[in-house]
Amino acid sequence: MPVGYLEVCKHINKTMLYFIGLGLGDAKDITVKGLEVIKNAERVYLEAYTSILTVGKEALEDYYGKNIILADRDMVELSSDELMAGADEVDVAFLVVGDPLGATTHTDLILRAVEKNIPYRIIHNASIMNAIGCCGLQLYNYGETVSIVFWTDDWQPESFYDKIISNRERGMHTLCLLDIKMKEQTIENLMKGRPIFEPPRFLSASQACQQLIKIIERRDEEKKTKADLNTDSICIAVARVGAEDQKIATATLKEMSSYDLGSPLHSLVIPGHMHPLEKQMLELFAVSDHVKTCLQKDEI
């Protein structure tokens, strides 16, 4: 009988902390290697604040045959001792939507495990960083990835816009990751120490485009470069990548600001210089004839 991955690891180290990527779709996106480890782990945690799957914890428990402990930001970043407790005596699995190293907070957890002399292993899976290739833009033509956060009345950061322009000046595409609010508290509940949390919120592609348009309007009087955006600039939005109801849409910023891609998660791409084959791929997802016309232009 072939020796399984777990048996090989047991030969090297008795026990360890596993960081396991779940992929982007549903419970079945787990790798065979990852599933084998989960089934044999003493404790299984699900990181529940940097991303979500299209199915809930219960669906994962049914498919994996294991009870799963939800790990919020406080547990991972402030109470990691609880998460790693006994990982030098039993196997502990830490599940992450996408790839385990898609968020820097998980790198910090690895460093803390090393400090405690707890051995660890990474079991990779697909993440939005490579699955974004579904929209048709070449992965090696992407520049720095940016995050677009929810704006408030008194906090409306614009630094992500400057990074988009910097990428476009070099002809590079920009993947924009959109904000997720999980287990957030109002200032009143936080100050009074009440454990009452707001419903989860997920920034949509249309909201992200609305914010981009506001930045464009604010900077309208400033010196323009070829790389600057306008309301007719092309963008690509993706929703629920990896799921059966995955959605891709190519539109202008103005069109996308009112376009509904349905339930989360959404991501946005602002293209730089495009090869003719990339433009042909984007035409497959065009929401209007106007978009197809825009794609024929030579400008970035």
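Helix α10 lies across the strands β6, β7, β10 and β12. Against β12, α10 runs at about 40°. This is a predicted model, so read it as such.

Start with the sheet under that helix. Five strands form an open sheet, in the order β6-β7-β12-β10-β11. The pairing is mixed. Strands of a sheet pair through backbone hydrogen bonds, either parallel or antiparallel. At the edges stand β6 and β11 (247-252). Each has a single partner strand, so one side of each is left without a neighbour in the sheet. From one strand to the next, the twist averages 25°.

Now walk along the sheet from β6. In the parallel sense, β6 and β7 pair over three bridges. Serine 147 stands opposite leucine 177 in β7. The next pairing, β7 with β12, is antiparallel and has four bridges. Here threonine 174 has isoleucine 270 of β12 as its bridge partner. On to β10: four bridges join β10 to β12, and these two strands run antiparallel.

How many of its five residues are buried? Five of the five are, and β12 is mostly covered. Both faces of β12 are covered. His266, Leu268 and Ile270 are buried on one side. Ser267 and Val269 are buried on the other.

Back to α10. This helix covers residues 205-218. What covers them?

Finally, look at α8, residues 159-169. Helices α8 and α10 pack at an angle of about 85°, with their axes 11 Å apart. They are therefore roughly perpendicular to each other. Which residues of α8 and α10 meet? Phe160, Tyr161 and Ile164 in α8 meet Leu212, Ile215 and Ile216 in α10. By class, this contact has six nonpolar residues, with no polar and no charged ones.

Terms used: Residues are numbered from 1 along each chain as its sequence is written. This is a predicted model: local features need pLDDT of at least 70, side-chain atom pairs count only at pLDDT 80 or more; totals for chains, interfaces and linings use all residues. Side-chain values use heavy atoms; hydrogens and water are left out. Axes are lines fitted to C-alpha atoms, for helices over the stretch in contact, and angles run from 0 to 180 degrees between N-to-C directions. Angles under 35 degrees count as roughly parallel, over 145 as roughly antiparallel, 65 to 115 as roughly perpendicular and the rest as oblique. Contact means heavy atoms within 4.5 Å. Ala, Val, Leu, Ile, Met, Phe, Trp, Tyr, Cys and Pro count as nonpolar, Asp, Glu, Lys and Arg as charged, and the others, Gly among them, as polar. Two strands pair if DSSP finds at least two bridges between them. Buried means under 20% relative accessible area, exposed over 50%, partly exposed in between (1.4 Å probe, protein chains only).
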